Amino acid sequence: MGWLDAMLARPRLVVAAVTVVSALSAITVALTRDADGPLIRVDTDLDALLPADAAETESMQRLEARFGATDALLVSARHDDLFSADGLNAVAAAHDRVRALPSVRSVNSLASAPNLLLNSPDDAVLDVGSVTEQYRRDPERLTTIADSARRNPMLAGVLFSADPDAAAFIVTPVDGLEGSGVQALAEAVRIEVAAVTGFHDVATTGTGLVDAATTDAIWDGLLRTLPVAVALVIGLLALSFRSALVVLLGAMSIGVSLLVMWAVGALAGLSLNMVSAIAPPVVVAFGIMFSIHMVSEWLRHDVGESTGRARRAVGAVAVPLLLNGLTTSIGLAALALSPLPAVRDFSLLAVTGVLSLTVLSVSYLPALLLLMGMHIGARPLLGESIARRVADRLARFDVRWRVPIVAAALGVLVAGALLAQRVEPGSSYIANFSPDAPVRAQYEQVNADLGGANTIAVLLEAPLDHVLLEPDIARAVGDFVSWAREQPEIGAAVSYVDHLQVLNAAMQPDAGGALAYPESTRLARQLLSFGGNDAVRGLIDSRQRNAVVPLRINVDHSAQVSALVERIRTRLATLPPALNAEVTGAPVMAASTVTRVVDRQWLSVGAALLAILLVLYALFLSLRAALVAMIPNLIPVAVYFGLLGISGIGLNPATSLVACLVIGVAVDDTIHFLARFNAEARARGSEDQAVSHALGTVLRPVSLTTAALCLSFGAFLLSPLVSHAEFGALAALALLLAWLTDILVTPALGSMVRIVTLWDLLRVDLGQSPQYTIPLLNGLSNRQARLFALTAHYERVPAGTDIVIEGEISADIWVCVDGQLEVWVEREGQRRTINSLFRGATLGEAGYFGQRRTASVTTRRDTRLLRFNANDLERLRRRHPRIAAIVLRNLNRIQAERLAHATSMLR
């Protein structure tokens, strides 16, 4: 390989070039960051998890455009007797303290929301003050005020709960407050409310607060997983190679790839989110894998003084490493088919990192090793002798029990595929935090106190002004709200219809307080004009053609939210045709995200498998061989999906990455084994012996890389995000299964079928125009001739070697590729030469047809031969029937010509 020679001849130039690329990458990252912002930005907005044109995203944008942002904080505060003098005074005091905070735009509570109440049965003056204001004006009417509030659907269940007695405060921050600002405000609110006498167990939650906690968790996870993964794997490298310098050089290669990866991400405008934040530790894991393969081969050679030895060391693993990078990148690139921007971001970052690692592992790392060669000489590798002994026993087991092993593997494959049918989408926004995380504990307390801590919204849109106030339309909306309150997942629901019903009932004392909607649109407009306030203006716009119905729900798991949303949509379909009704909100968007993961998961996995199958087909030059090589890589994926099906772990944006990742990695070990196995099988002429020697060569590096990957992914268990921990555990388990498959199933399959690789084909030298100069290969193309040569046994035989002995029984046929052969017999104690054979000669065909050898054949000089027998031809017939037919035709023609020649000699 010319590029390899050029690179190893100029290692300083390679290092200098990589240094320049690193500097440019660092400059790119620095120049593309936000002003005064961090070098790496974290974005936890749900928009990053949904396509820009998703219906849920569009609905959310319309809702926020018409009614403002929905990122209010929800505060619950328990009181022993809320509707007592102490309780209402506590509400008023807490409301004032929170409203005075500088980052608060508004507060809605029992101290601000109107409670429509007549001053007295004999007085038609309507009191529209809040509950606390009404109590302060007339403490004697406390019972009446409390009863009125409990009957008011705008208040009951919305701003207070009866079991337990808990007051709710809906705090809207000033515009632009996010991240740490939201966290600081939430803590300040909690402190202010808790400082009021009578309140206890104060808790605060909200979408912005959870987003901020997620951002912190992502950073915390990176700061935990990256150092731990690096430390674990560095320890493994140090133990395996016993060289601090080797560890340092490997770390330098990984560091450059991370820098290049993030430079590309910065140019693409990417930020870290719940999915793409997984990319850096993944790249570290693959970096260690590539480094182990390169360094293992390097230390087998004493390359400190010789560029030629260095070339042999690098050349032995360069092509497999390039193929590893290709197949791994294919698996990761298949994730780009996901509809989720966050998954596509992960795909871009991970593919960039792996490709840069691939290039660095066959250029930069060898250049560094060559420059430091005087300090890194050949040495015995720790555990290599043990690995060879284990490999020998394992090979005997694999060969002896190959049929049951393959049958069991196929059974596991089928079982996994069947269990995969039970895989369901599943994710929880708040349960992504550990149970003892403050953000989750406070969320769950608010959820318990107020009957719900999540809010979804129904956006109502009418074609004309005032349509929403028409009695038929409004009553239909009111019926929907009543239905919603009956759903077990909904703790509170409120609408503009409730406000108008309460207002209408308050204006008609003779109705006994029964809630009824105004009889006409004109009356409804008058009441709304008279009794409108900030609370109702947040539910219906001034033209009465757009409205929102907030629904406070007590579930967070995506499957439960999806089921509820589906029921709501079915119920909304019964509304009058004049209304367009859509369900939206952060929980709806999160649930939609998970559903979309499942929709495209099988497409991504299928695309990865198809692409890798094509690579294997190009590599092994046979569809049958490619399919055989795919079997060991399908098993861990099938088991992974089967485990998801029986464990109940949902498929979410994080866990959806595992399958494509494992596909790309698993095929690497398969390629390493099959390539080595094929070379050993040709050299030794025995598949059984080849299994032992191939396993002895690859078992140690494959086991080391698997250990490194499992340790790296196991570091995700330290992440504060449950989805990241699940990703790490599942990836490590799947990779361990892939390793078991590659040391059990792959050798068993290999012993049953001969596989030819592309680089084997390229290495075969049959001389110029073999189809014209070797009669047995007449009619074949160059590629077909080489395939036949690899199906046969390609041998280099030194001068003076007897390859045929007169009188022996043997079924082998030889073809002379180049060199010289002497055909002779021994008669009366003397050696008599019959003929000299050169390139293209075929000999031994009589033995193929069951005859004893009629003469001996000895090489006169170093000779290259193709040797084959009936078993080889049968194998060729099964795999390449056209080539076999041409070879057999030529063999019959050669035999016929010799028979004709012998007959003419007799005449």
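Of the 907 residues in the protein chain, 56% count as buried, where buried means under 20% relative accessible area, exposed means over 50%, and partly exposed lies in between (1.4 Å probe, protein chains only). Keep in mind that this is a predicted model: local features need pLDDT of at least 70, side-chain atom pairs count only at pLDDT 80 or more, and totals for chains, interfaces and linings use all residues. Residues are numbered from 1 along each chain as its sequence is written, and side-chain values use heavy atoms, with hydrogens and water left out.

**The overall picture**

- The protein chain has 32 helices and 19 strands; helices (H or I, at least four residues) and strands (E, at least two) are DSSP runs, numbered from the N terminus.
- Take the contacts in the protein chain between residues at least 6 apart in sequence: 79% of them join residues at least 24 apart. Here, contact means heavy atoms within 4.5 Å.

**Nonpolar cores**

- A nonpolar core is a set of buried Ala, Val, Leu, Ile, Met, Phe, Trp, Tyr and Cys residues joined through side-chain atoms within 4.5 Å.
- The largest one here has 141 residues, and the members that touch the most others are Phe286, Phe346, Phe433, Phe641, Phe713 and Phe727.
- Zoom in on phenylalanine 641: leaving aside neighbours within four places in sequence, it is in contact with Leu419, Ala420, Val423, Gln601, Trp602, Val605 and Ala659.
- There's also a second, separate core of 95 residues, which includes Ala149, Val193, Val481 and Tyr517.

**Helices and a loop**

- Helix H18 (residues 496–506) has 11 of its 11 residues buried, so it is largely enclosed by the rest of the structure.
- Among the buried residues of H18 are Tyr496, Asp498, His499, Gln501 and Asn504.
- Helix H5 (residues 131–137) is where you'll find glutamate 133, which is partly exposed because its relative accessible area is 37%.
- Glutamate 133 and leucine 88 are 45 residues apart in sequence, and their C-alpha atoms are 9.4 Å apart in space.
- Serine 719 sits in the loop between helix H25 (687–714) and helix H26 (722–750). With 9% relative accessibility, serine 719 counts as buried.
- The side chain of serine 719 reaches the backbone nitrogen of leucine 721 at 3.2 Å.
- Not counting residues up to four places away in sequence, serine 719 touches Gly221, Arg224, Thr225 and His724.

- Two strands pair if DSSP finds at least two bridges between them.
- S13 and S18 run antiparallel and are joined by 2 bridges, with aspartate 802 partnered by threonine 858 in S18.
- S15 and S18 are also antiparallel, with 4 bridges between them; leucine 821 has threonine 859 in S18 as its bridge partner.
- Strand S15 (residues 821–827) pairs with S16 in the antiparallel sense over 7 bridges, and tryptophan 824 stands opposite threonine 833 in S16.
- In strand S18 (residues 856–859), Ser856 and Thr858 point one way while Val857 and Thr859 point the other way, and all are buried.

**Another open sheet**

- This open sheet has 4 strands too, in the order S12-S19-S14-S17, again with antiparallel pairing.
- Its edge strands are strand S12 (793–797) and strand S17 (842–843), and each pairs on one side only.
- S12 and strand S19 (residues 863–868) run antiparallel and are joined by 5 bridges; histidine 793 has arginine 867 in S19 as its bridge partner.

**Cysteines**

- A search of the whole structure finds 0 disulfides, a disulfide being a pair of cysteine sulfur atoms within 2.5 Å.
- Cysteine 710 counts as buried because its relative accessibility is 19%.
- Cysteine 816 counts as buried too, with a relative accessibility of 0%.

Key
A polar contact is a pair of N or O atoms within 3.5 Å; within protein, one must be able to donate a hydrogen and the other to accept it, and residues adjacent in sequence count only if both atoms are side-chain atoms.
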